[in-house]
There are 2 protein chains.
Amino acid sequence: MQLSLHTDYALRVLMLLGGTGTQWTIDEIAAWYGISRNHLAKVVQGLQAEGLVETQRGRGGGLRLARDPAEIVIGHVVRRLERFDGFVSCMGAGTDCTISGHCQLKPALAGALEAFLTHLDQFTLADHVSRSDRRVWDRLKGGAGTAAPAAISTPASSA
Amino acid sequence: MQLSLHTDYALRVLMLLGGTGTQWTIDEIAAWYGISRNHLAKVVQGLQAEGLVETQRGRGGGLRLARDPAEIVIGHVVRRLERFDGFVSCMGAGTDCTISGHCQLKPALAGALEAFLTHLDQFTLADHVSRSDRRVWDRLKGGAGTAAPAAISTPASSA
């Protein structure tokens, strides 16, 4: 059982933007985590579509959070980005199982998925990037050898 | 996010054995669900190793439950058969993430997985194959065109 790489990367992007409180370009994030730039670009598109990140274009631009970390609920992020409709093969659209319609396991699994998400609803991004961690994040970023973008304190509209 | 096909098939085998209360050969189950016989054979090995099913060898033999359906807890089955160590890429052994050791998301995800399993701990196989469903299962089996093995009422030691 695995979270999709898409959601995994999305959470990493949010952690990085929230943890450092700075702007990052897609290239910087891809290099930082050592992950595919193309895949990351699609992930960022998804995060933008959900109103979670925004882009500042041009020189010195980059990605930043579009909301306060305390407003970004982890369970909500996972609900929006992760696909659950194929959790077991009989849950997918157009799939068929000999015992479909008679199997009582599917509601139990659906309930278990809801319990999984409800647990994550307890946490916001802010819980995962507390102020004490900021120093750690800043050190991490310093060690990555990337240019240090100016810290931003409040999200603003993208250009 | 998907349950592995291994666990998916294992649950289907248990549902079928518990629902019909009869013996099935691997060939019959594979044909019944229209799934790979080779994959199914591995799944059955796993179920045997967990003491959930047993094999009656020889003519008229086949697989049957090794325990009463009321003793087979769905959460336990999923805990034993499903792999969770690679739920996000940083959870796997030998994997590395730039923010490992500083990321506070992993405990939240681990807690969510525990909530998922705890929900499934509420259910036994018996809950999913109640007596009223037996008739449905029997009709389903009749419609499958397979030979109807003799019903067994209590699990016995395998030959």
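Reply: Axes are lines fitted to C-alpha atoms, for helices over the stretch in contact, and angles run from 0 to 180 degrees between N-to-C directions. Helices (H or I, at least four residues) and strands (E, at least two) are DSSP runs, numbered from the N terminus. This is a predicted model, in which local features need pLDDT of at least 70 and side-chain atom pairs count only at pLDDT 80 or more, while totals for chains, interfaces and linings use all residues. Residues are numbered from 1 along each chain as its sequence is written, chains are lettered from A in the order in which they are written, and side-chain values use heavy atoms, without hydrogens and water.

Me: At what angle do α4(B) and α5(B) pack?

Reply: Helix α4 (residues 74-81) of chain B packs against helix α5 (residues 105-120) of chain B at about 135 degrees, their axes being 6 Å apart. The pair is therefore oblique; angles under 35 degrees count as roughly parallel, over 145 as roughly antiparallel, 65 to 115 as roughly perpendicular and the rest as oblique.

Me: Which residues of α4(B) meet α5(B)?

Reply: Contact means heavy atoms within 4.5 Å. Ile74(B), Gly75(B), Val78(B) and Arg79(B) meet residues of α5(B) including Phe116(B).

Me: What does Phe116(B) touch?

Reply: Leaving out residues up to four places away in sequence, Phe116(B) touches Val78(B) and several residues of chain A, among them Met1(A), Phe87(A) and Phe116(A).

Me: Which strand of chain A is joined to β1(A)?

Reply: Two strands pair if DSSP finds at least two bridges between them. Here four bridges link β1(A) (residues 53-56) to β2(A) (residues 62-65), and the strands run antiparallel. Val53(A) is bridged to Leu65(A), and Gln56(A) to Gly62(A).
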